[in-house]
Amino acid sequence: VWSLGATLFECLTLRRPFEHPTREGLYQAILLRDPPRARQLNPAIPRDLEIVLETALEKDREKRYQSAAAFADDLAAVRELRPIAARAVGPFGRMTRWAKRRPVLAALTATLIITIPVVAGLAGYIWANLPNIEAQREARITDRVETALERGWYELHHGRAIRAVSHFEHALEQRTVPEAVAGLALAQLKLKQPESALDSLERGEGQLPDPRVLLSIKADVYRALGRRSDAEKAAAQAPRPDSALLWFVEGTRSLRRGESAGEGTEKGRAAFARAEALLRRAVGASERPRRAYHFQLAHAVGHRGREATSHAVADTLGALWPRSSRAWFWIGFATRRTDSEHSIHAYRRAVTVDSTFADAHTNLGNLLRKQDRLDEAIASHQAAIQADPELALAHSNLGAAFHFQGNFTKAVASYRRAIDIDKGLGLAHYGLGTAFKKLKKFDESIAAYREAIRIDRNYAPAHHGLAGSLWEKRQFDEAIAAYREATNVNPKYIDAYRALGALLEDQNQRDKALVEYRKALDVDQDNAATRRDLAVALHRMDRFDEAITEYRKTLRTDPEHAPTHFNIGLILAKQGKRKDAIRAFEDAIRIDRKYARAYNELGKALKRGFQVDGAINAFREAINCDQDFARARFNLAEILFLTAKWEAAAIEARQAHELVSKPGAAGTLPSAKLLRDTVLAWARHLKRRDQVDRAIEVLEDHARTFPEVSAFADLLEKWKQVR
């Protein structure tokens with residue numbers, strides 16, 4: 001009956017009779033508050049219908065409709081304009097019910113309006129209702145403690161240990177709970193205050209029913225203090241996790257280890273998997289939904305990135321706390337790697353509920369950046385900074401968005417602002433190093449990367465970035481050492497193996513380069529880019545059969561990669577397998593119609609097969625794709641010369657020579673010789689056809705334009721003497 005009454009209330013007023021952002025608060029509202037008067041929300045509701053609603057929603061079961069049938073009868077009476085059975089509650093009745101639900105406030109009010117004898121009578125009433133008063137007080141304390149715990153763990157895992165300490169201390173001011181003691185100690189450890197952490201644990205132990213629950217954390221503190229024997233003793237005495245509390249404590253410790261090791265490392269992945277398993281048990285064993293437990297589970301799940309699990313956790317949070325910005329934040333985090341659109345939606349909900357939630361703004365910005373929605377990403381990071389100007393991570397993330405936009409100067413400014421706020425934010429130093437590298441400021445880049453490494457020696461991307469800048473500075477030995485350090489920190493860092501292989505090739509250490517490429521393939525056999533690196537290295541070493549084998553393996557996972565088909569064609573052409581080479585070049589062109597080099601090599605293969613027209617067409621297509629392709633023009637000029645197309649051959653040879661002669665032009669071609677041969681042949685052809693004036697004009701033009709080719713002037717002088 002009561003539930004039907006609540007449903008009818010919402011249908012008539014378009015709002016629920018009781019609302020609160022937390023489940024615990026909602027329970028308290030249902031127990032202690034009257035719903036709003038329905039007619040105040042919707043004046044069109046008849047007075048009798050309001051009385052029916054109030055009767056259905058009575059907190060006292062005896063005063064409620066005794067059956068759904070009785071409720072239905074009164075609803076029918078309202079509809080048919082008959083008298084209803086329920087009676088309105090008068091002012092005195094409302095006051096009495098209010099006093100029963102709010103005895104303390106009622107007593108204080110009574111003190112002001114009635115005489116002392118009556119107050120004495122009320123004192124007896126209050127005494128009789130002390131259990132109810134105490135329950136209300138406990139509910140308020142519990143809500144404050146849960147809020148402080150959730151905020152404390154949130155700040156701790158976002159690297160803001162000072163804020164975390166404040167929240168945990170606030171929780172302990174309300175009640176000594178082990179989650180707060182554990183969190184406070186871990187936050188103090190994060191701040192490198194092991195003495196304070198030990199003091200917090202020892203004070204907490206004296207107020208807890210079972211102080212052994214803190215022994216595992218105490219072991220961590222002893223280790224930080226260098227008291228190895230005490231640490232071993234505490235670890236040995238620590239109980240095995242067998243309760244919601246212990247599973248939570250151990251789960252958060254494992255989360256901390258995972259974040260220290262890094263999401264991309266084997267050790268980090270193992271720690272996050274253990275954290276998820278422990279926190280899942282903590283949530284399942286808890287007597288009631290606890291935000292700290294659920295949110296930390298979402299935290300672990302978000303790091304693991306498993307689709308089914310992330311959606312299950314997200315659905316649970318949405319059902320339990322649909323109006324909580326924090327719940328929506330963790331929904332976004334849980335789904336960030338498995339469903340980016342769901343995650344973006346969740347972060348948007350979080351900032352809609354609380355526009356000052358800076359972390360939600362900046363996490364939203366990161367997801368938008370990954371989708372190349374850079375203007376939206378920048379706006380989100382700027383909203384985060386507006387909400388919290390001292391949030392270093394938001395400035396760092398804004399720097400990353402500017403970086404991807406190609407605005408490296410603004411990126412540097414944002415990274416520097418982040419570092420001004422938090423000099424220990426390694427991510428900002430890393431981003432600064434990368435931005436300086438783009439600006440070709442390699443000394444500044446190296447300094448920034450080194451600082452990121454000093455802050456976190458296990459941050460493999462910083463070693464990788466440092467190696468790249470050292471390579472640019474031609475400090476090859478140091479660069480090689482930095483790449484090796486990146487792979488030592490993260491043995492699955494494929495890009496570092498590939499970059500090291502490329503550097504070793506650059507230093508003509510090709511056998512060592514092959515070793516690095518094969519190490520990368522040990523991490524992922526199906527990584528087509530790595531296998532191509534290996535194939536190209538073998539190709540350069542003239543190990544053609546091995547190279548073709550590796551090229552063909554890459555085509556199993558990436559069959560539409562035009563350069564791979566092209567490289568296979570090059571090897572087949574060298575091996576004299578002309579028809580197979582032609583097919584490979586044609587496959588490359590089918591995939592990429594603008595592949596100038598493939599057209600050029602196809603033309604050469606067709607020329608060797610005496611397919612002259614096909615070769616000419618192929619060379620012309622290469623030139624259409626790239627007007628400055630000197631080699632294609634040279635090849636076209638040669639074949640036109642061989643087929644006695646003198647004028648066309650001379651025109652192409654001239655353009656090829658002009659391209660080759662440009663300052664900074666790459667490669668060398670015997671273009672001067674070809675230009676001489678084609679122009680002289682053209683001029684002689686004109687002379688034979690009695691076009692002597694035209695022949696002289698051609699020679700004069702070329703002698704004037706290309707004085708370095710003396711044959712033009714020599715022939716011209718000879719003809720003039722004859723004339």
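Tutor: Helices here are DSSP runs of H or I with at least four residues, strands are E runs of at least two, and both are numbered from the N terminus. The model is predicted: local features need pLDDT of at least 70, side-chain atom pairs count only at pLDDT 80 or more, and totals for chains, interfaces and linings use all residues. Residues are numbered from 1 along each chain as its sequence is written, and side-chain values use heavy atoms, with hydrogens and water left out.

Student: Where is Leu14 placed?

Tutor: Leu14 sits in the loop between helix 1 (2-13) and helix 2 (23-32).

Student: Why does Leu14 count as exposed?

Tutor: Exposed means over 50% relative accessible area, buried means under 20%, and partly exposed lies in between (1.4 Å probe, protein chains only). Leu14 has 76% relative accessibility, so it counts as exposed. Leu14 also has a positive phi of about 65 degrees, although it is not a glycine.

Student: What is the phi of Lys192 near?

Tutor: The phi of Lys192 is near 60 degrees, a positive value in a residue other than glycine. Lys192 belongs to the loop between helix 11 (178-190) and helix 12 (194-205). Its relative accessible area is 72%, so Lys192 is exposed.

Student: How do you know whether Ser671 is buried or exposed?

Tutor: The relative accessible area of Ser671 is 2%, so Ser671 is buried. Ser671 is placed in helix 39.

Student: What makes the Ser671 and His657 pair a polar contact?

Tutor: A polar contact is a pair of N or O atoms within 3.5 Å; within protein, one must be able to donate a hydrogen and the other to accept it, and residues adjacent in sequence count only if both atoms are side-chain atoms. The side chains of Ser671 and His657 make such a contact at 2.7 Å.

Student: Which residues gather in the patch of positive charge on the surface?

Tutor: Arg684, Lys687, Arg688 and Lys718 do. Helix 39 (residues 671-688) gives the most to this patch, with three residues.

Student: Why is Lys687 called partly exposed?

Tutor: Lys687 has a relative accessible area of 36%, so it is partly exposed. Patch members need over 30% relative accessible area and no salt bridge; like charges are joined within 9 Å, and nonpolar side chains (Val, Leu, Ile, Met, Phe, Trp, Tyr) within 5 Å. Lys687 is found in helix 39.

Student: What makes Glu250 and Arg253 a salt bridge?

Tutor: A salt bridge is a side-chain nitrogen of Lys or Arg within 4 Å of a carboxyl oxygen of Asp or Glu. The side chains of Glu250 and Arg253 meet at 2.8 Å, N to O. The two are three residues apart in helix 15 (residues 244-261), so about one helical turn separates them. Glu250 is buried, and so is Arg253.

Student: How many salt bridges does the structure hold?

Tutor: It holds 56 salt bridges. One of them joins Glu266 and Arg269, at 3.3 Å from N to O. Both of these residues lie in helix 16 (residues 266-285), three residues apart, about one turn of the helix. Arg269 counts as partly exposed because its relative accessibility is 33%.

Student: How far apart are the closest N and O atoms of Arg450 and Glu478?

Tutor: They are 3.5 Å apart, and the pair forms a salt bridge. Arg450 lies in helix 26 (residues 442-455) and Glu478 in helix 28 (residues 476-489), so the pair ties together parts that are 28 residues apart in sequence. Arg450 has a relative accessible area of 40%, so it is partly exposed. Glu478 has 40% too, so Glu478 is partly exposed.

Student: Which residues are linked in a network of salt bridges?

Tutor: Arg37, Arg39, Arg47, Glu50 and Glu54 are linked in that way.

Student: Why is Gln40 called exposed?

Tutor: Its relative accessible area is 65%, so Gln40 is exposed. Gln40 lies in helix 3 (residues 38-41). Gln40 and Thr13 are 27 residues apart in sequence and 9.2 Å apart in space, C-alpha to C-alpha.

Student: How do you know whether Asp545 counts as exposed or buried?

Tutor: Asp545 has 55% relative accessibility, so it counts as exposed. Asp545 is found in helix 32 (residues 544-557).

How values were computed. Accessible areas come from the Shrake-Rupley method with a 1.4 Å probe; for residues, only the protein chains shown count as cover. Lys and Arg count as positive and Asp and Glu as negative; His and the chain ends are not counted. The place of a charge is taken as NZ of Lys, CZ of Arg, CG of Asp or CD of Glu.
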